[in-house]
Amino acid sequence: MQQVTVKYKVLDPRAQAPAYATAGAAAADLCALLDAPLTLAPMERALIPTGLAIELPGAGTVALVYARSGLAIKHGLCMANGVGVIDSDYRGELRVPMVNLGAQPYTIQPGERVAQLCIAPVYTAAFVPAGALSGTARGEGGFGSTGK
């Protein structure tokens, strides 16, 4: 794995620094900065603060915020926006938009690991209009067209 330096600012002394759970982890855990436990009813959404801000090393990087798979599969707790995109020029607090897609209420505890932060390279595209696109075996087939 290639390592880049990402500066972080603690906005609240109770905030926990992003941390990788294992040596092979691709993303660092983000923890909830809450004054008290927060219960989300089924289909309820909340914006969970982390008490942290980051500075990415430049326009060639992005921070992506993903749901934690254990919370998602066991409790239905997911990112309300699917994946959070933190642009290289954003300096505000990292906040996690959560939704409870489960059948039961779920209580987020102060300090609980609620999301994962992945730093990735960015490629910008030069979008060029074209009258035709090259052919492939798949062609225009989508949404289950490959038989799976």
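Strand E7 (84-86) and strand E8 each supply at least two residues of the lining of the second largest pocket; strands are DSSP runs of E of at least two residues, numbered from the N terminus. The model is predicted, with local features requiring pLDDT of at least 70 and side-chain atom pairs pLDDT 80 or more, while totals for chains, interfaces and linings use all residues. Residues are numbered from 1 along each chain as its sequence is written, and side-chain values use heavy atoms, without hydrogens and water.

A pocket is an open set of points on a 1 Å grid over the protein atoms alone, with protein on both sides within 12 Å along at least five of seven lines, where a 1.4 Å probe fits; lining residues have an atom within 4 Å of a point.

| Pocket | Volume |
|---|---|
| Largest | About 660 Å³ |

Closest to the centre of the second largest pocket, among its 13 lining residues, are Ile86, Tyr90, Glu93, Leu94 and Arg95. E8 gives the most to this lining, with four residues. In the largest pocket, E10 gives the most to the lining, with five residues.

Beyond its neighbours within four places in sequence, Ile48 is in contact (heavy atoms within 4.5 Å) with residues including Leu94, Arg95 and Val96.

Terms used:
Grid points are joined across faces, edges and corners, and a volume is the space filled by probe spheres set on the points.
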